[in-house]
Amino acid sequence: MLHQTVQSMFGPGAPLVWALLGIVGIILPLLLCVAYLTFWERKVLGWMQVRIGPNRVGPWGLLQPIADGLKLVFKEIIVPAKANSGLYIIGPAMAFATALAAWAVVPFADGYVVADIDAGVLYLLAMTSMGIYGVIISGWASNSKYAFFGAMRSAAQMVSYEIAMGLALICVLMVSASLNISEIVHGQARGYFAAHGAGILSWNWLPLLPMFVVYLISGLAETNRAPFDVVEGESEIVAGHMVEYSGMAYALFFLAEYANMILVATMTSIFFLGGWLSPVGFLPDGFPWLAGKACFVVFLFLWFRATFPRYRYDQIMRLGWKVFVPLCLVWMLVVGVWMMSPANIWK
Amino acid sequence: MEPKTAIFYVLSAILVAASLRVITAKNPVHAVLFLVLGFFSAGGLWLTLQAEFLAIVLVVVYVGAVMVLFLFVVMMLHIDVERLREGFWSNLPVAIGVGLLMVFEMALVLTGRYFGADALPEPAAAAAGYSNTKEIGRVLFSDYVYPFELASVVLLVAIVAAVALTKRPGKDKKEQNVRKQTAVRSDERLRIVAMPSEKE
């Protein structure tokens with residue numbers, strides 16, 4: 001109905017208006033989710049460490065993220081004297097823009113996607129791999145040693161884990177025979193178990209279990225979350241690339257990190273946990289499933305943060321290059337042979 | 001003007017301006033970032049040609065990986081811009097000669113009979129359901145499978161060579177053996193000695 005109204009109001013410009021509506025419809029709820037994810041994280045960490053967490057602002061502390069946001073908006077943005085002022089401002093904008101742009105190809109339910117493009121997975125990889133420029137540019141433009149260290153660490157870490165992430169996705173692409181993200185979800189609705197009402201066993205996480213683990217951990221490393229948060233490493237290099245930033249410029253990095261967290265969680269749910277599909281045959285598919293799965297993966301991220309100590313830098317590199325990359329290559333071969341054998345389950 | 005033409009001109013203008021700044025920028029980091037912008041605009045231009053696979057791969061490979069490492073290196077170099085400019089005037093005649101030669105070569109190619117607007121008509125609009133990605137994959141793994149495999153072998157050799165060149169065993173090279181590190185027990189590192197307290 002809304003579609004027809006837009007069509008009649010704007011005529012030939014309707015697709016553009018429709019896309020703009022889609023963008024607003026994604027970004028506003030996303031920013032709200034980001035705000036409350038910070039609240040949820042502090043609460044979860046609090047509970048896990050037998051504390052209460054934020055509980056002063058509003059009922060149960062629910063207005064805490066709003067208060068934090070207001071505080072950051074009213075703070076002065078300080079530009080260091082010898083900073084490269086143009087790039088200094090572009091840095092956080094790059095980080096935030098790429099974190100939002102990737103959402104264009106995310107399907108929320110069957111057909112509910114802003115850009116249903118055939119090369120959706122590639123677009124996603126392109127946008128997430130560009131997020132690193134925000135970190136590097138801001139680290140360099142701040143003209144500060146700690147910021148620069150953060151940028152260096154981030155560049156090495158993100159490039160390494162992108163490879164593992166991409167290789168893990170190749171297995172997913174092999175079994176779904178498509179780069180279209182909606183098609184990947186549809187592919188998971190087929191199979192022996194899905195036909196017998198136990199769809200959860202037909203999703204990619206089971207046959208591609210090692211890749212699921214690799215993707216999840218690489219996603220954690222890509223978003224610079226604990227235990228891979230050496231980029232910020234507050235005990236060694238204060239806050240890494242954002243050490244010189246204040247006010248909204250700092251807040252943009254913060255928002256980008258949490259938006260990326262939600263993105264990685266959503267993509268994990270889509271690639272490996274069946275997206276919007278229902279786990280059992282007698283319940284209908286739909287967006288609540290995707291939201292629930294994404295929430296679960298985000299919760300895993302918070303849980304990891306409360307559980308594991310930070311990795312040492314050389315251990316991070318070893319895990320990425322010497323464990324994940326060979327594992328992905330071997331599993332790619334396994335999946336290839338599996339698909340060519342009579343036991344192929346992805347017909 | 002058609003929207004597609006307008007997009008073409010906007011992207012081309014950005015591409016040309018960014019490319020110019022790559023060679024005129026004083027700061028090498030700025031030059032690299034303008035190169036990134038150039039790649040990105042070129043990707044946009046390819047998108048208007050319905051080559052979405054190539055366009056996005058250009059961004060993934062060059063913008064997302066190659067230029068990041070490039071920036072990584074350039075940021076750590078201490079480049080003295082004044083010293084770079086020293087030989088400008090003495091090298092200018094050679095540069096002009098090479099530039100003119102390149103313009104001449106490009107003119108030869110572009111005005112030849114294989115490259116004009118009539119020799120290369122606009123590609124027919126793709127049918128619905130046509131997937132550029134699938135088509136490239138099909139051609140790459142059927143008609144061009146040997147050149148493709150050969151290219152990958154060459155790349156593999158290059159990787160092995162790069163690793164072999166940089167990772168040479170030396171006398172003063174220290175390495176960590178993670179297996180030994182994880183197998184270590186506390187009594188190998190820490191010895192608790194029972195000792196009576198001493199008087200002054």
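How far apart are the end C-alpha atoms of helix 9 of chain A, and what should its 14 residues span at 1.5 Å a residue?

Analyst: The end C-alpha atoms of helix 9 of chain A are 20 Å apart, and its 14 residues should span 20 Å, so the two values agree. The expected span is 1.5 Å times one less than the number of residues. A helix here is a DSSP run (H or I) of at least four residues, numbered from the N terminus.

First, some ground rules. This is a predicted model, in which local features need pLDDT of at least 70 and side-chain atom pairs count only at pLDDT 80 or more, while totals for chains, interfaces and linings use all residues. Residues are numbered from 1 along each chain as its sequence is written, and chains are lettered from A and ligands numbered from 1 in the order in which they are written.

Back to helix 9 of chain A. This helix is mostly covered, with eleven of its 14 residues buried. Buried means 20 or more other C-beta atoms within 10 Å of a residue's own; exposed means 12 or fewer; partly exposed lies in between, and the C-beta atoms are placed from the backbone. The buried residues include A:Met211, A:Phe212, A:Val214, A:Tyr215 and A:Leu216. A:Ser218, A:Gly219 and A:Glu222 are also among them. Their cover includes helix 5, helix 6, helix 11, helix 12 and helix 13 of chain A. Just after helix 9 of chain A comes A:Asn224, with a positive phi of about 55 degrees.

One of the covering helices is helix 12 of chain A, residues 287-307. Its 21 residues reach 30 Å from first C-alpha to last, close to the 30 Å expected. A:Trp289, A:Leu290, A:Lys293 and A:Ala294 are among its buried residues. The buried residues of helix 12 of chain A pack against helix 2 (14-48), helix 9 (209-222) and helix 11 of chain A.

Next, the core. The largest nonpolar core has 121 residues. Such a core is a set of buried Ala, Val, Leu, Ile, Met, Phe, Trp, Tyr and Cys residues joined through C-beta atoms within 7 Å. A:Met211 is one of the residues with the most contacts inside this core, and B:Ile56 is another. Helix 11 (residues 247-272) of chain A gives the most to the core, with 18 residues.

A:Ile136 is also on the list of residues with the most contacts inside the core. Leaving out residues up to four places away in sequence, A:Ile136 touches A:Ala151, A:Ser154, A:Ala155, B:Val68 and B:Leu71. Touching, or contact, means that two C-beta atoms, placed from the backbone, lie within 7 Å.

That leads to the other chain. In total, 17 residues of chain A are in contact with 19 residues of chain B. Helix 5 (120-141), helix 6 (145-176) and helix 13 (313-340) of chain A each give two or more residues to this side of chain A. Helix 5 of chain A has the largest share, nine residues. By class, this side of chain A has 13 nonpolar, one polar and three charged residues. Ala, Val, Leu, Ile, Met, Phe, Trp, Tyr, Cys and Pro count as nonpolar; Asp, Glu, Lys and Arg count as charged; the others, Gly among them, count as polar.

Two loops of chain A carry positive phi values. A:Trp60 lies between helix 2 and helix 3 (64-73) of chain A. Its phi is near 55 degrees, although A:Trp60 is a residue other than glycine. A:Trp60 counts as exposed because it has 12 C-beta neighbours inside 10 Å. A:Ala177 sits in the loop between helix 6 and helix 7 (181-188) of chain A. Its phi is about 55 degrees, and it is not a glycine. A:Ala177 has 13 C-beta neighbours inside 10 Å, so it counts as partly exposed.

Chain B is divided into domain 1 (1-86), domain 2 (87-122) and domain 3 (130-165). These bounds come from an automatic or database domain assignment. The C-alpha centres of domain 1 and domain 3 of chain B lie 25 Å apart.

Last, confidence. Chain B averages a pLDDT of 84, and 91% of its residues score at least 70. pLDDT is the predictor's confidence in each residue, from 0 to 100. Within chain B, helix 4 (residues 81-85) is lowest at a mean of 70, and helix 7 (residues 145-166) is highest at 92. The model scores ipTM 0.80 and pTM 0.85.
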